[in-house]
There are 2 protein chains.
Amino acid sequence: MSKPSLARGTRDFGPEQMVKRTFIFDTIRRSFQRYGFQPLETPAFENLSVLMGKYGDEGDQLLFKLLNSGDFSGKLTDADWQAGSKPLTNKISEKGLRYDLTVPFARYVVMNRGTLVMPFKRYQIQPVWRADRPQKGRYREFYQCDADVVGTDSLLCEAEIVMLLHDILPQLGIEDFTVKINNRKILTGIADMIGAHGQEGTLCVAIDKLDKIGKDKVVDELRERNFSEESITLLDPVFSLTGGLNPFGELRTWLASSEIGLKGIDELQEVWTMVESLGLKNPRIQFDVTLARGLSYYTGAIFEVKANNVQIGSICGGGRYDNLTGTFGVPGISGVGISFGVDRIYDVMEELNLFPENQTISTKVMISNFDQEAFRYGLSVLPKLREAGLNAEMYPDSVKLKKQLDYADRKNIPFVILIGSDEMNTGQLTLKNMKTGEQQKGSIEELIAAVI
Amino acid sequence: MSKPSLARGTRDFGPEQMVKRTFIFDTIRRSFQRYGFQPLETPAFENLSVLMGKYGDEGDQLLFKLLNSGDFSGKLTDADWQAGSKPLTNKISEKGLRYDLTVPFARYVVMNRGTLVMPFKRYQIQPVWRADRPQKGRYREFYQCDADVVGTDSLLCEAEIVMLLHDILPQLGIEDFTVKINNRKILTGIADMIGAHGQEGTLCVAIDKLDKIGKDKVVDELRERNFSEESITLLDPVFSLTGGLNPFGELRTWLASSEIGLKGIDELQEVWTMVESLGLKNPRIQFDVTLARGLSYYTGAIFEVKANNVQIGSICGGGRYDNLTGTFGVPGISGVGISFGVDRIYDVMEELNLFPENQTISTKVMISNFDQEAFRYGLSVLPKLREAGLNAEMYPDSVKLKKQLDYADRKNIPFVILIGSDEMNTGQLTLKNMKTGEQQKGSIEELIAAVI
């Protein structure tokens, strides 16, 4: 007999939180559908061969691995035991929990490419798991809400992502946000221009931390990673480019001799133009040349969304990846996607008090339970309430009325029907409004009409 | 570079399946809410101390266990390695994937009993995982939809479960089903009556197989498990009790000297009476004294639902458990619940062709993409469709119209808007009905009105 506890870094979501979370999920889902995305769900665990090597070394470490079933240790040799945890893992585990929704999606696309209608627009709303050290706001299980298009390199998809963000976030009450956009091709161009050709990956990882650790520490990190002093000096103007009135102009001059860098700028400008044609009112987009994002598979536009005036990391992120399916042997399927971080969005909405008041997932009417006779009478009333579409229940035990009303009160049930001997004789039931305390009498049909 | 595959026993759910599954989930969820149940979600993995010992030895074996993160093998001794898989598991794994929704629910109730409003009615719709040998209709990941009430032993809860089943299944088109009901107390009484006191657990496991293996093999199993020939002979009338006109009467005589057995009959008759008071039309309930159910935690009523005329196991199951929280140190919280097996319900609905035709999760209108100029024009049309609440998209690439129409066709998009130079000059767009092939011209407002 043990006192039970939650596994570290995981959470239960009780009724109150579920109502709020459902509001977020439903809002996002409706908009995904209005933009032509179709639902997909993939299994919680995948073969490790699918997951490993897609998220970098750190990601591989953070994958939750499932112990093989049955006699997993019988065939192992002493050498296997002594080889250390990493090689041993391969011998006793062949499955892992999904780390994000993008890699399983790429796996799905590759396995179903013969029958999929391309371009394929899918959304996916499921939990993911990471064996991160738990801390405030970081959990080992959390939901992602992703929308991706694969099978086209049309920049319309990028423009649609911008529209989708401006559609969904205000519906959640989040009006003050910034969609930061950059393009990996620009970062490649910058690496070229500062004489660090081929090192854009390292450059991205370092620059990505600018927000958190500041310019000086980014420069330190670049030194540690063997960027030359000359490269670092050449990089200097990049730090001051963000947010100007015409950021592209200045950068265009600076990147004039980098073909790929210029292509990145062209792509972003095209997205800007399309968004304008799509009639976006009050756009909250900002080009940020220092936006890099950690994941290695991005190759084009990258997005990140911050809620302004709230101390929290990005609430959405995404970008274009040209070769994710290539790791599964099928190159040439370009894709682009956006992911909504529901847990952080939830925190933002809590902090700004943005959840709507009226909650729909609760009982509307409770029938009280006086005694055996009233109980029988109540049984005939209950189905009528439900047939009228009302969420309804009868208190199951004949306990003191005070206790029953206390139950209704704590469960936020707005109406209680009281059935006493008077009521049974006349057929005139009493309806109590739990907020105002007011009572009214009427037939069950009249009370239903009063409540709906 | 590897050809990717799904982990054994798992499945992807693409758009078509998702539409159907969503229909099932939404129907069940709405009814749960109308009966006053509130939503709960618990984490995918739990500490093994929570899960182990709740499902019997076989269940413990079928739990998916997570390998500890980091250097899990560094501190192990040679003795640990050589102890065999079972004891070794305890050293390198402390978490497992949930096996059902009932035990995590009991854990939640115990951890939150200080603040929970009792009786607590919750529903939970989440996947569970079992390391079973995969076979047709049996998967390693599948959803359960559970509704449970804890904190009351009122038989109203049992009656409500019967009502809930009769509410939900017909909404799914499943009209021809049988709700089999028994009570563990009756099985205890039977064990007493045949002189096998205290052996009702073994008796239940054997009798539970009657449907699958027949009476003779059940008797063989009882012999193997050391039931005496006398006991087995005494048991004989029980096999022929099911389904008579007044099954309780005969059984009541037979169980006359078993207090607990009679209590079981009383409870069932009370449920029968309540269901009648609740006005159930066309009840499909059947007392089945041989219904036992495998799980050991049941103590009162047990339920199982079969879809008639379909070759498939039970589609719902549940029962009352008096001491599930007792295993976590908090005795005396009685509960009762029902679980809907969505995968089997899905299979039944497929076989009987019960899914509704009109699918809501798809694009309603596609804008075609002729050339650069039409594309720009289309960008201004697209947001108007979405503002009108229509699911809409524009084909992202300027490819041949045939390919675009083929895309719409395969994605079941019913309407396509064609924009050519004529259309742009006059503002009169062309709307093509993809089913009939008909085309009509009109302003965007007129076309929206035609489509809604």
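This is a predicted model: local features need pLDDT of at least 70, side-chain atom pairs count only at pLDDT 80 or more; totals for chains, interfaces and linings use all residues.
The side chains of A:Glu221 and A:Arg225 come together in a salt bridge at 3.4 Å, N to O. A salt bridge here is a side-chain nitrogen of Lys or Arg within 4 Å of a carboxyl oxygen of Asp or Glu. A:Glu221 is buried at a relative accessible area of 11%, while A:Arg225 counts as partly exposed at 42%.

Residues are numbered from 1 along each chain as its sequence is written, chains are lettered from A and ligands numbered from 1 in the order in which they are written, and side-chain values use heavy atoms, with hydrogens and water left out.

## Salt bridges

By this rule, the count over all chains comes to 58 salt bridges. Side chains of opposite charge can pair when their charged atoms come close. Here are some of the pairs:

| B:Asp12 | A:Arg107 | 2.6 Å |

In the pair within chain A, A:Asp132 is buried with a relative accessible area of 18%, and A:Arg138 is partly exposed at 34%. Helices (H or I, at least four residues) and strands (E, at least two) are DSSP runs, numbered from the N terminus.

## Where the chains meet

How many residues does each chain bring to the contact? Chain A gives 106 residues and chain B gives 106 residues, contact meaning heavy atoms within 4.5 Å. Between them, chain A and chain B bury about 8900 Å², 59% of it on carbon and sulfur atoms. Buried area is the accessible area (1.4 Å probe) that two parts lose on being put together, summed over both.

Across this interface the rule finds 10 salt bridges. The count of residue pairs in polar contact between chain A and chain B is 35, both residues being at pLDDT 80 or more. A polar contact is a pair of N or O atoms within 3.5 Å; within protein, one must be able to donate a hydrogen and the other to accept it, and residues adjacent in sequence count only if both atoms are side-chain atoms. On the side of chain A that touches chain B, helix 15 (residues 372-387) of chain A supplies the largest share, nine residues.

## Helix 8 of chain B and what follows

Helix 8 (residues 184-193) of chain B is mostly covered, with eight of its 10 residues buried. Among them are B:Ile186, B:Leu187 and B:Ile190. At the start of helix 8, a side-chain oxygen of B:Asn183 reaches to within 2.8 Å of the backbone nitrogen of B:Lys185. After the helix comes B:Gly195, with a positive phi near 75 degrees.

B:His197 sits in the loop between helix 8 and helix 9 (200-207) of chain B. Is B:His197 buried or exposed? B:His197 is exposed, because its relative accessible area is 65%. The side chain of B:His197 makes a polar contact with the side chain of B:Asp192 at 2.7 Å.

## A buried glutamine

B:Gln404 belongs to helix 16 (residues 401-410) of chain B and is buried, with a relative accessible area of 1%. Its side chain reaches the backbone oxygen of B:Val399 at 2.9 Å.

## Backbone details

Most residues other than glycine have a negative phi, and most peptide bonds are trans. A cis peptide bond joins A:Met118 and A:Pro119, with omega about -5 degrees, and another cis bond joins B:Met118 and B:Pro119, with omega about -5 degrees. A:Asn226 is not a glycine, yet has a positive phi of about 70 degrees; A:Asn226 lies in the loop between helix 10 (210-224) and helix 11 (229-239) of chain A. A:Asn226 counts as exposed, at 67% relative accessibility.

Definitions and conventions. Buried means under 20% relative accessible area, exposed over 50%, partly exposed in between (1.4 Å probe, protein chains only).
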